[in-house]
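Q: Could you take a close look at the place where the ligand sits, and go through its surroundings step by step?

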Amino acid sequence: MNSAAPELPVDALDMLRKRRSAKWQTYPTDVLPLTVAEMDFALAAPVADALREAVERSDTGYAMATPGLGRALADFAASRWNWDLDPASVTAVIDVGVGVVELLRLLARPGDGVVISPPVYPPFFDWVAEAGARLVEVPLAHDDAGWRLDLAALETAFAGRPAAYVLCNPHNPVGLVHTAGELAALVRLAQDHGVTIVSDEIHGPLVLPGATFTPLLTVPGAAEVAVSVLSASKAWNLAGLKCAAVVTAAPRMAALPGRFPADTRWRVGHFGVIAAVAAFADGEPWLDQLLVTLGRRRARLADLLRQRLPMLTWDPPEATFLAWLNCTALGPGDEARYLFLERGRVALEPGLRFGAVGSGYARLNFATSNDILDQAIARMATAVT
Ligand SMILES: Cc1ncc(COP(=O)(O)O)c(C=O)c1O
C-alpha cells in the first residue's frame, strides 16, 4: 500500500446534503450526521463508470451474478488476502443481512441458540430473532490491550450446543481485527462442540494500515465448520445497490446456499452485481487510497479527542471507519449521545443499540472530510462544556 497516495476527496457539505441516502436524510439540516455506515467520499471511478455505462445501455433488468461475481471476488481475495476461493462456491444474495438470516434459518431449528458477541452491529440481534432462533450473548472482553473475543466464555456458551455463532470479522463497532491465532482457537471450539460459524466479513477489505485481515475460511479446519458472507458494499460504499456473496469451502457447507429459497437469486440488485464486480476487479487502487485516507482520519480523530474531548476514551479501530467512544464520563446509557445531538447538533449512533454493554458508549463514523470531522468534534466539545 502506498502511504504517499493522495487522500480521497469529499464533496462540500452542501453537496453531501443533496444525497438522498439515509445518512443525509435522517436528521435536520443543522445536524452533522456521523451515524450509519455510509462514507462521504466520491465513488471509485471504475464503479461509477460501470454504473454509468449500465444506465447508458438501459441495462436495468434482473441481476445475473454468475459467473462474474464469483470470479471477481476470487481474484480479489487471491491478490488481497492470498485466499484461494473457488468462484463456483460463491452464491449471490441481496445483502449480508439476508445471507446471514437464510443461513441461520437452515442451521437453527426454532428456539435453538445462536451466539453473538456484543457490542455488535445492531441487526445481529434482529437477524437471530428473524430466523426464529434464541439469542445467546457472549460479550467481547476488554482490557488495557483493547477488545478481543472472550474465548473462555465462548467455550462455555458452545458447551450448551448452540446451532451457530455469528462472527463479526472484523468486528463492528470496535474495529477489532481477529488474529489468525484467535480464529484458529475459535474454529477448534466450533469443531469440538458442533457449532457452525457464520462469519460476516463485510468489513474485511477495510482493514487499516497496521493490521492484517484473516478471512475465516483460510484458517485450517474452518472450511468444515464455517460459512462466510462478504460484500463490496462497505468498502466501496455501495450499500443501496444490494449485492452480497455467501462463500463456502467444503461440501457440507456448500449444501447450505444450495437450499436457499429458489427466488433468492432474483432478489439480488442488478446494479449491486455490476458495481461489486467493478469494485473487486478494478477498485483496488481506490481501496488503497481509501485506507490511507482513513488511517489519517483515524490519527486526526485521536488528536482531536485528546485536545477537545479528553474525558472520552477509545481503542482506535484496526479496521472500519467507525470509532467506538467510551463516553461514560458524561453519563450512563445514551446520555452523552443525547447531549452531542441536542446541544452540539452532531449525530452519533447510540451505544445501547449495540447491546446492553453499549451503555455509556457512542459510535462515530469518521469516513468524511477533515473539515466535517473538525467541525463535529468542535461542536461536541462545546456541547459538554
Ligand atoms: C458487520 C456488518 N454486517 C452487515 C452490514 C450491512 O450489510 P448489508 O447492508 O449487506 O446487509 C453492516 C453495515 O454496516 C455491518 O457493519
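A: A nitrogen atom of the ligand lies 2.5 Å from an N or O atom in the side chain of aspartate 200, a polar contact in the sense of a pair of N or O atoms within 3.5 Å. An oxygen atom of the ligand is 2.8 Å from an N or O atom in the side chain of histidine 203, and a polar side-chain atom of lysine 234 is 3.1 Å from an oxygen atom of the ligand. The protein covers 92% of the 400 Å² of accessible area that the ligand has on its own, as computed by the Shrake-Rupley method with a 1.4 Å probe. This is a predicted model, in which local features need pLDDT of at least 70 and side-chain atom pairs count only at pLDDT 80 or more, while totals for chains, interfaces and linings use all residues. Residues are numbered from 1 along each chain as its sequence is written, and side-chain values use heavy atoms, with hydrogens and water left out.

The residues around the ligand, near in the sense that one of their heavy atoms lies within 4 Å of it, include Ala37, Asp95, Tyr121, Trp127 and Cys168. This shell divides into 6 nonpolar, 3 polar and 3 charged residues, where Asp, Glu, Lys and Arg count as charged and Gly is among the polar ones.

Tyrosine 121 is partly exposed at 31% relative accessible area, whereas phenylalanine 124, at 1%, is buried, the limits being under 20% for buried, over 50% for exposed and partly exposed in between.

Note on methods
Polar contact = N/O pair within 3.5 Å; in protein donor to acceptor, adjacent residues only side chain to side chain. Buried < 20%, exposed > 50% of the residue type's maximum accessible area, 1.4 Å probe, protein only.
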